[in-house]
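I opened this entry to keep a record of what I looked up, going from the whole chain to two single residues.

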Amino acid sequence: MSTIPGPDGQPRCRWCNAAPEFFDYHDREWGYPVGDDRRLFEKLCLESFQSGLSWRTILAKRENFRTAFDGFDWTRIATYDDTDITRLLGDAGIIRHRGKIEAVINNARRMGDLLAEHGSLAAYVWSYEPAPSDLPEPQTASIIPASTAMSKDLKKRGWKYVGPTTVFAFMQAMGLVNDHARGCVMRDKAARMRAEFTPPK
């Protein structure tokens, strides 16, 4: 069985059972299309911090991350120096991992070239949206060809902590892939929102 009863008795994706707060995140955010560059950049950063950890850990600290990283304004993060790295390493409200912190700063600095070429992060990201017919059954994969392709291209551009599994989790969360389980009450909602969404170009 790929679903569990939610707080209202309606079926939800089984992974929500891992933590009570997941139900709200699942119902309000996960899998719905996003075209805002700031939110997309934030999510890529948070997914990189999640690498090797539980999403519950990151979700619980998300507001702290937003405060620590200036709301994920990449123009400000790109100017961070060693003083900022020291500050972040001393911030108990986030994940104090030097490599991941430096990756966020590095990726913010790489944003300029990407925006110059594609106009927006959203236009770049959505150019990798896979066709529904190319997707495996929901909740059965952690990597797909589209996430591998986007990961490979980002790495060519000098981005860090953007492996294919991280990118696939990002695609699931930002609505490029509707990975709500079949039978989940939110799967049809995500499909409707995607149908109404016009990806930036």
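My notes on the fold come before those on the two residues.

**Ground rules.** I worked on a predicted model, in which local features need pLDDT of at least 70 and side-chain atom pairs count only at pLDDT 80 or more, while totals for chains, interfaces and linings use all residues. Residues are numbered from 1 along each chain as its sequence is written, and side-chain values use heavy atoms, with hydrogens and water left out.

**Fold.** I listed the secondary structure and found eleven helices and two strands. These are DSSP runs numbered from the N terminus, with helices (H or I) of at least four residues and strands (E) of at least two. The order from the N terminus is β-β-α-α-α-α-α-α-α-α-α-α-α.

**Size and packing.** The chain has 17 Å, which agrees with the value near 17 Å for a compact globule of 201 residues. The C-alpha trace spans about 50 × 35 × 25 Å along its principal axes. I noted that 49% of the 201 residues count as buried; buried is under 20% relative accessible area, exposed is over 50%, and partly exposed lies in between (1.4 Å probe, protein chains only). For contacts (heavy atoms within 4.5 Å), I took pairs at least 6 apart in sequence, and 63% of them join residues at least 24 apart.

**Arginine 182.** I found arginine 182 in the loop between helix H10 (164-173) and helix H11 (187-196). Leaving out residues up to four places away in sequence, arginine 182 touches Ser2, Thr3, Glu137, Pro138 and Arg187. With glutamate 137 there is a side-chain to side-chain polar contact of 3.0 Å. For that term I used a pair of N or O atoms within 3.5 Å; within protein, one must be able to donate a hydrogen and the other to accept it, and residues adjacent in sequence count only if both atoms are side-chain atoms.

**Serine 120.** Serine 120 sits in the loop between helix H7 (98-118) and helix H8 (121-126). Beyond four places in sequence, I listed Asp37, Leu114, Leu115 and Pro200 as touching serine 120.

Key
The radius of gyration is taken over C-alpha atoms; the globule rule is 2.2 Å times the number of residues to the power 0.38.
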